[in-house]
Amino acid sequence: MEKRQHKQKAVLMTEGPIWRCLLLFALPLMAGNLFQQLYNTVDSIVVGNFVGKEALAAVGSTDSVINTFIGFFSGMSTGAGVIISQYYGGKKEEKVSIAVQTTIALTLCMSILCTVLALLLVPSLLRLMGTPDDVFPETATYLRIYFIGVTGLLFYNMGAGILRAVGDSRRPLYFLIFCAVLNTLLDLLFVAVLRFGIAGAAWATILSQGISALLTLFVLTREKACYRIIWSKVRLDPSMTKKIFFLGLPAAIQMAVTSFSNVFVQAYINRFGSAAMAGWSSYGKLDKFCVLPIQSLCVTTFVGQNLGARKIDRVRQSTKIGTLLCFTVAIIITIPVLIFARPLVSMFNRTPEVLDYGTLFIRLEMPFYLALCVNQVHAGTLRGIGNTKAPMVIMMSCFIVFRQIYLYTITQFTDSVIAVALGYPLGWVLCSICLFTYYRHTKLETYLR
């Protein structure tokens, strides 16, 4: 019975129609990512309606700071996931177990480091962003509370990453649905009823994230398969730690530095005042919901398992099919959002100036999502085969170097918020061209282990 249950939960992607494998894996992951995004979005909706546009601007402007720290950890979890998926696809159960125990030990170490560094650096980062005085205190309060409880988010993400690496994207979804609902209820209680303000939204988020982490660790501990957590064996295996860092560090650096560069982008937006900040925040929350389905169709786990099984043809086909699926999803999502942009922004705040800015940003950025599809799928393929350095270099060059040069240059000639906002989609287009070209010249056979 236990064996049958295990087969239903973990999914081996080395057999069957590629499009079906990608969709069956991506749909629960997509839903899970959407519910995870509810945490911060619900915070924005509640504080925007019950506290004010300054509070909405405060919550929205925290994204780049939070993602700077979380991005580094997410990159490391990518490295761990690639290793686990390759060992799992190659049926190397002992290696899978060692990788899992090392991953959990690494998560504990990094969660402590992330918390301490974030709490120390929050005031400096807010000043670097040029955060206006009318939102500075609330932004600092939200971030301090958020990072006090960031360990829950990190352990959930890594635990869910382990499950997804073996093809189980359903149980992480169930935990997220439960905790997203809990977060919404706690937000309403702490902010709308008890009037704790922005601090209440932060506490609601970290309590919900902590529970999702506990649920994930519980099922991994009770699991009977090779990827279960054996707490007595949780330690940093030197060889496995080196492999995780080798694959994860480039992605970690790329995600963290890209997010850090967004601190400067936020600084450019902040120059236009709290209404522009609130409008940018509203667009940002909607953007994350729209982008997540595209990111969920990333083929990294599929590629990792099939490379481990030495099925190169399936790896090549998955890149083509994944790109077509992403194009389809992007078109289905963006058309209604573009049409109903203003009513969607009004969910966060109904100040006319905020509505104008939010609608402008949505209609300016979202038509470029097709470029995002290309760079996400091709970066996912390269990471899945174990090449995390090329996506790091290309994405950092396009999302950081190009974008910062563009923003600095364009603001010398104009003070238009449209010109500033275009820095994002232009970087996406350049990145897609570079990644597609690099992938076309990559010999996948050289990555067989």
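A crossing of two helices is left-handed if the near helix is turned anticlockwise from the far one by less than a right angle. In this predicted model, the crossing of H7 and H9 is left-handed.

Start with that pair. Two packed helices are described by the angle between their axes and the distance between the axes. Helix H7 spans residues 150-165 and helix H9 spans residues 198-222. They pack at an angle of about 35°, and their axes lie 8 Å apart. On the H7 side, the contact is made by Gly152, Leu153, Phe155, Tyr156, Gly159, Ala160, Ile162 and Leu163. H9 answers with Gln209, Gly210, Ser212, Ala213, Thr216, Leu217, Val219 and Leu220. Sorted by class, the contact of H7 with H9 has ten nonpolar and six polar residues. It has no charged residues.

Now turn to the aromatic rings. The structure holds eleven aromatic pairs. One of them joins Tyr146 and Phe147. Their geometry is edge-to-face, with 5.6 Å centre to centre and 80° between the planes. Are these two residues buried or exposed? Tyr146 has 6% relative accessibility, so Tyr146 counts as buried. Phe147 has 0%, so Phe147 counts as buried too.

Trp280 and Phe361 form another aromatic pair. This pair is also edge-to-face: 4.9 Å centre to centre, 90° between the planes. The pair links distant parts of the chain, 81 residues apart. Trp280 sits in helix H11 (residues 274-296). Phe361 sits in helix H15 (residues 352-365). Both Trp280 and Phe361 are buried. They also belong to one aromatic cluster, together with Tyr283, Tyr357, Tyr369, Tyr424 and Trp428.

The axes of H11 and H15 come within 7 Å and cross at roughly 45°. Why is H11 called oblique to H15? The crossing angle of roughly 45° makes H11 oblique to H15. H11 passes H15 in a right-handed crossing. From H11, the contact takes in Ala275, Ala276, Ala278, Gly279, Trp280, Ser282, Tyr283 and Leu286. From H15 come Glu353, Val354, Tyr357, Gly358, Phe361, Ile362 and Glu365. The residues of the contact of H11 with H15 divide into ten nonpolar, three polar and two charged.

Val329 lies in helix H13 (residues 312-339). Its relative accessible area is 18%, and Val329 is buried because the cut-off is under 20%. Which residues does Val329 touch, not counting those up to four places away in sequence? Val329 touches Pro293 and Leu297. Tyr369, one of the residues in the aromatic cluster, is 40 residues from Val329 along the chain. The C-alpha atoms of Val329 and Tyr369 are separated by 10.0 Å.

Finally, look at two loops. Lys91 lies in the loop between helix H4 (63-89) and helix H5 (93-128). Phi of Lys91 is near 60°, a positive value in a residue other than glycine. With a relative accessible area of 61%, Lys91 is exposed. Arg310 lies in the loop between helix H12 (300-308) and H13. Phi of Arg310 is positive too, near 65°, and Arg310 is likewise a residue other than glycine. Arg310 is exposed, with a relative accessible area of 51%. The cut-off for exposed is over 50%, so Arg310 qualifies.

Conventions:
Residues are numbered from 1 along each chain as its sequence is written. This is a predicted model: local features need pLDDT of at least 70, side-chain atom pairs count only at pLDDT 80 or more; totals for chains, interfaces and linings use all residues. Side-chain values use heavy atoms; hydrogens and water are left out. Axes are lines fitted to C-alpha atoms, for helices over the stretch in contact, and angles run from 0 to 180 degrees between N-to-C directions. Helices (H or I, at least four residues) and strands (E, at least two) are DSSP runs, numbered from the N terminus. Contact means heavy atoms within 4.5 Å. Ala, Val, Leu, Ile, Met, Phe, Trp, Tyr, Cys and Pro count as nonpolar, Asp, Glu, Lys and Arg as charged, and the others, Gly among them, as polar. Rings of Phe, Tyr and Trp (its six-membered ring) pair if their centres lie within 6.5 Å; planes under 30 degrees apart count as stacked, over 60 as edge-to-face and the rest as tilted. Buried means under 20% relative accessible area, exposed over 50%, partly exposed in between (1.4 Å probe, protein chains only). Angles under 35 degrees count as roughly parallel, over 145 as roughly antiparallel, 65 to 115 as roughly perpendicular and the rest as oblique.
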